[in-house]
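Dear colleague,

I am passing on the structure that you will be working with, and below it I have set out what was found. Please keep the model open while you read, so that you can look up each residue as it is named.

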Amino acid sequence: MLMRSDPFRELDRLTQQVLGTAARPAVMPMDAWREDEQFIVEFDLPGVKPDSLDIDVERNVLTVRAERPDLNQDRDMVSAERPRGVFSRQLFLGETLDTDKIEASYHDGVLRLTIPVAEKAKPRRIEISHDGERTQITA
């Protein structure tokens, strides 16, 4: 059997593994939305063990790290397309979020972070004084 080698095809394959494609990004795919008084972020991390997850917050930067172990080298692989190794993603959180009260859960390969909106960022009613009376601002 004659096989042709194309170095550009191999370079393209390697680039897609490192940088990802639109259909299969190399970084952790995520969804984020606001729900009432909290901000929700979900990361797809199939095949990642919960004890390999690490979440850090420093000031307003949230860092998520995960590791998918390497394949058993004794296997005769036919295809190995899923990225392996350590993955990391940083989110820059706004000042309106309370980073001291972040909650995290991991279920069915999805890491879910719940970040509450800070009290100082919530809407509040301000009373207006009239007729010489003074009233306090209510928060």
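Lys101 and Asp98 form a salt bridge, with 3.8 Å between the closest N and O atoms; the term stands for a side-chain nitrogen of Lys or Arg within 4 Å of a carboxyl oxygen of Asp or Glu. Lys101 is exposed, at a relative accessible area of 52%, whereas Asp98 counts as buried, at 18% (buried is under 20% relative accessible area, exposed is over 50%, and partly exposed lies in between, with a 1.4 Å probe and protein chains only).

Please bear in mind that this is a predicted model, in which local features need pLDDT of at least 70 and side-chain atom pairs count only at pLDDT 80 or more, while totals for chains, interfaces and linings use all residues. Residues are numbered from 1 along each chain as its sequence is written, and side-chain values use heavy atoms, with hydrogens and water left out.

The structure holds five salt bridges. Another of them joins Glu37 to Arg34, with the closest N and O atoms 3.9 Å apart; here Glu37 is partly exposed at 37% relative accessibility, and Arg34 is exposed at 51%. Asp54 also forms a salt bridge with Arg65, at 3.5 Å between the closest N and O atoms, and this pair links distant parts of the chain, since Asp54 lies in strand S3 (residues 54-58) and Arg65 in strand S4, 11 residues apart. Strands here are DSSP runs (E, at least two residues), numbered from the N terminus. Asp54 is partly exposed, with a relative accessible area of 34%, and Arg65 is partly exposed, with 34%.

Strand S4 (residues 61-68) also holds Thr63, which is buried, with a relative accessible area of 7%. Leaving aside its neighbours within four places in sequence, Thr63 is in contact (heavy atoms within 4.5 Å) with several residues, including Asp54, Asp56 and Gln90.

Finally, there is an open sheet of four strands in the order S1-S2-S7-S6, with antiparallel pairing, where two strands pair if DSSP finds at least two bridges between them. Its edge strands are S1 (30-35) and S6 (103-107), each of which pairs on one side only. S1 is joined to strand S2 (residues 38-44) by six bridges, and the two run antiparallel; among the residues involved, Asp31 has Glu42 in S2 as its bridge partner.

Best wishes
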